[in-house]
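Please look over the chain and its model before reading on. The report below moves from the overall make-up to individual residues.

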Amino acid sequence: MFGLAGAIIMAVNIKTFVRAGGLYPGGFNGVTLLIQTVFQRFLGIALPFTLVNLLLNAVPTIVCFKAIGKKFTVSSATIIVLTSILTDIIPSQPITQDILFDRCIRRAFKWFCCEPLFNGRNQRRRY
């Protein structure tokens with residue numbers, strides 16, 4: 001339940017703030033957007049977010065499975081797959097053209113929406 005909500009929020013964040021604002025976040029999501037932009041701009045090929053993101057996350061997922069375990073890997077892989085698919089499905093809807101404002105809103109959106117979903121779930125397990 002929390003994973004689905006987090007995946008929806010992350011996909012909306014990518015499509016509404018990141019992609020519409022022309023930003024490139026850190027991590028595999030940013031690398032995925034960068035690869036998509038390069039292929040579109042220089043080769044005229046539109047790559048789906050899901051394809052690139054899943055290919056980039058394949059090796060760390062295998063390493064995670066061997067090093068950490070099945071339960072964590074399955075939950076993480078589920079969120080990665082859901083976020084990737086939802087990012088391709090959700091239409092891009094720019095809210096503002098101001099990059100600084102867009103970045104601040106994106107950070108606040110992530111901090112207020114995603115962090116409690118994932119950190120709250122992990123904190124309950126510790127006690």
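**Overall make-up**

The model is a predicted one, and the mean pLDDT of the protein is 80, with 77% of its residues reaching 70 or more. Over residues 122-127 the pLDDT falls below 50, and this stretch has one contact in the model beyond near neighbours in sequence. The secondary structure consists of five helices and zero strands, so that, taking helices as DSSP runs, the order of elements from the N terminus on reads α-α-α-α-α. Of the 127 residues in the protein, 31% are buried, while the accessible surface amounts to about 8,200 Å², of which 69% belongs to carbon and sulfur atoms. Among the contacts with a separation of 6 or more, 69% are accounted for by residues 24 or more positions apart.

Helix H2 spans residues 27-43, and its 17 residues reach 24 Å from the first C-alpha to the last, close to the 24 Å expected at 1.5 Å a residue. Which residues of H2 are buried? They are Gly 30, Thr 32, Leu 33, Gln 36 and Thr 37, and because they cover an arc of only 160° around the axis, they lie on the same side of H2. These buried residues pack against helix H1 (2-21) and helix H3 (49-67), whereas on the other side of H2 Phe 42 and Leu 43 are exposed. Just after H2, Gly 44 takes a positive phi of about 70°.

**The nonpolar core and Ile 14**

In soluble globular proteins, nonpolar side chains tend to be buried together. In this model the largest nonpolar core has five residues, namely Ile 14, Val 18, Leu 23, Leu 33 and Phe 49. Leu 33 is also one of the buried residues of H2, and Ile 14 is found in helix H1. Ile 14 counts as buried because its relative accessible area is 5%, which lies under the 20% cut-off. Leaving aside neighbours within four places in sequence, Ile 14 is in contact with Arg 19, Asn 29, Leu 33, Phe 49, Thr 83 and Thr 87. Ile 14 and Pro 25, which are 11 residues apart in sequence, are 9.0 Å apart in space, C-alpha to C-alpha.

Asn 57 is found in helix H3, and it counts as buried because its relative accessibility is 11%. Beyond its neighbours within four places in sequence, Asn 57 is in contact with Phe 28 and Ile 80. Is Ile 85, by contrast, buried or partly exposed? Ile 85, placed in helix H4 (residues 70-89), is partly exposed, because its relative accessible area is 38% and thus falls between the limits of 20% and 50%. The C-alpha atoms of Ile 85 and Ile 8 are separated by 9.9 Å, although the two residues are 77 residues apart along the chain.

The table sets out the relative accessible areas of these residues.

| Residue | Relative accessible area | State |
|---|---|---|
| Ile 14 | 5% | Ile 14 buried |
| Asn 57 | 11% | Asn 57 buried |
| Ile 85 | 38% | Ile 85 partly exposed |

Methods: Residues are numbered from 1 along each chain as its sequence is written. Side-chain values use heavy atoms; hydrogens and water are left out. Helices (H or I, at least four residues) and strands (E, at least two) are DSSP runs, numbered from the N terminus. The expected span of a helix is 1.5 Å times one less than its number of residues. Buried means under 20% relative accessible area, exposed over 50%, partly exposed in between (1.4 Å probe, protein chains only). The arc is that of the directions from the helix axis to the C-beta atoms. Contact means heavy atoms within 4.5 Å. A nonpolar core is a set of buried Ala, Val, Leu, Ile, Met, Phe, Trp, Tyr and Cys residues joined through side-chain atoms within 4.5 Å. Accessible areas come from the Shrake-Rupley method with a 1.4 Å probe; for residues, only the protein chains shown count as cover. pLDDT is the predictor's confidence in each residue, from 0 to 100.
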